[in-house]
Amino acid sequence: MNLMTLENICKSYSEKTLLENISLGINEGEKIGIIGVNGTGKSTLLKIIAGAETCDSGNIIKANRVRIEYLPQNPDYDEDFTVLQQVFKGTSPEMKLLLEYQETLDCLTKDFNDNLNNKLISLQEKIDALNLWDLESEAKMVLTKLGLTNFNQKIKELSGGQRKRVSLASALITPCELLILDEPTNHLDNDTIDYLEEYLNNRRGSLLMITHDRYFLDRVSNRIIELDKGRLFSYDGNYSVFLEKKMERLALEASMEEKRQNLMRTELAWVRRGAKARTTKQKARLQRFDELTSQETFATDEKMDISVGSTRLGNKIIEIHNISKSFGDKVLIKDLDYTLARTDRIGIIGKNGMGKSTLINILNGSISPDSGHIETGETVKIGCFNQDDSHMHNEMRAIDYVKEASDYIETADGTKISASQMCERFLFNSTMQYTHIGNLSGGERRRLHLLRTLMTAPNVLLLDEPTNDLDIETLNRLEDYLDEFRGVVITVSHDRYFLDRICNKIFAYEGIGNINIYTGNYSDYQIYREIQGIEFEEDKKEKSATPTPKKEKPKNDKKLKFTYNEQREFETIDKDIEKLEIKIEELDASTSKYATDFTKLQEILDSKAKAESELEYKYERWEYLNNLAEEIANSKN
């Protein structure tokens, strides 16, 4: 079934054409990944499909009753909402009803009165009628899996990454036929991305997404759409299939262009000899020559050559001597001791908020450790590519920003390249070089920041989440550069493909402040962890789903107690668990009954998977609620 059709869509901003006569059909069950160089209009296309932006021309035909849910890169938030309220802040009737219920419940908790209580009962009846309690349970389960266990915490108390997770949870649980996600893996750690992969693979309905995570594209998508110079190319299959088919397309285009050039040479030789007579045949041949010369050429992709040189590196690089770092009561680094070698390509991994960026900042010298010290060699020249681009002034032109680092740079073979030439190699043409930074897209700003970092010719590269907002083409070029880079690379990244491609050592945050060192890339680390059956302290903490005590205790020193919602959940959770266990047993029994009916069997297996996932969540909540009940009982003694 076709959900939506786009016909001859065009979109321009000032003189820049992003989309030119784009046509696209989206069918039921498709999981589509959109890729392309930054600035080609990927996010704009998503906004047009979602209805958040209008096109200049063209038609959009949507099937009846098709619901669309859209997660932009920078969602809007209500600072005073709780996590659960923000999740239910959707436009669908179901989400509006759950939001009204949650707001009424919160008001009733603060100030009990009969009117609110009657309203709550009425809302509960409506939710019962629409069978929406499963949706509320799914919301809490998804939030827990995304690392958010305090559902009553205010949005204003969350970090940027946590806020993005709340919006992601809202998009995932909102009933819709077409889910649109713009860079959903940004700010997610590797374990959370694994869960998101599993969730989207099991989810029914169509998916349209932009992501630079190549493993994610490979495992989730069944169709790839590439935007290239205003044109759209569609490939059936995942990212691996796309790479094969694109190579075939480029080879075919190159062959066609070669034939056109040969034909042009033949026709040009004929024209120069001069036509013998103004016959119809001669006129037709001249007309064909004109058509050949005016025909649009489809050259192969521009290659971003970044084979620049680096400063010579001495024997002593960086020596880390038992450094520790804490912020308040939170321990981030504990007794880290390591001496960097020339061949080190280190990937730093761990859950968000554990201190990965802090380690980069300590190595960069912008933060001092609480104890221990770092010794840096005299020849070390550090280049740091971090997430913060606040130093980029919007009114500055791109070329001037690059020239602040250096007017020219030497390549590996000693050739000098000007800043302008380097900009060309980074896909900034002469027009874009004199564009104000404020007019660049997020990905183009990141690419410009990367160029400036490399223009300093460093021999130690510190990369903090380098894959965020960079397109796949730029990532491929960066990886090619790092292959030839004659220095040390230390990177924080959640991009598993990038870590596998670049790293030969892994610094893994395991437990509170503990950084363990493993030889190999990210896949090697995962295999070792699986073989050893390692379960780290932070994983156990997440499973127990225990919120930080400070968030749970009232600020006015009142006695610890259940919230209204938690009390209601605590009273019913044993029965809920029993019902789910019975349901799973019944579904198990049904599998043999429908062993030959594959359609029905698949429905049963899907229902069982959902019930098992919900049961796992209920177990986690049971453990948390019982721990809290024990704390409440102890506080009364």
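Reader: At what angle do helix 6 and helix 7 pack, and how far apart are their axes?

Author: Two packed helices are described by the angle between their axes and the distance between the axes. In this predicted model, helix 6 (residues 160-173) packs with helix 7 (residues 190-202) at about 15°, the axes being 12 Å apart. That makes helix 6 roughly parallel to helix 7 (angles under 35 degrees count as roughly parallel). Axes are lines fitted to C-alpha atoms, for helices over the stretch in contact, and angles run from 0 to 180 degrees between N-to-C directions. Helices (H or I, at least four residues) and strands (E, at least two) are DSSP runs, numbered from the N terminus.

Reader: Which residues of helix 6 and helix 7 meet?

Author: Contact means heavy atoms within 4.5 Å. Arg165, Leu168, Leu172 and Ile173 of helix 6 meet Thr192, Leu196, Tyr199 and Leu200 of helix 7.

Reader: What is the strand order in the open sheet?

Author: Strands of a sheet pair through backbone hydrogen bonds, either parallel or antiparallel. Here 3 strands take the order 2-1-4, with antiparallel pairing (two strands pair if DSSP finds at least two bridges between them). Strand 2 (16-27) and strand 4 (57-62) are at the edges with a single partner strand each, so one side of each has no neighbour in the sheet.

Reader: Over how many bridges do strand 1 and strand 2 pair?

Author: Strand 1 (residues 2-13) pairs with strand 2 over 8 bridges, in the antiparallel sense. Thr5 stands opposite Gly25 in strand 2.

Key:
Residues are numbered from 1 along each chain as its sequence is written. This is a predicted model: local features need pLDDT of at least 70, side-chain atom pairs count only at pLDDT 80 or more; totals for chains, interfaces and linings use all residues. Side-chain values use heavy atoms; hydrogens and water are left out. Angles under 35 degrees count as roughly parallel, over 145 as roughly antiparallel, 65 to 115 as roughly perpendicular and the rest as oblique.
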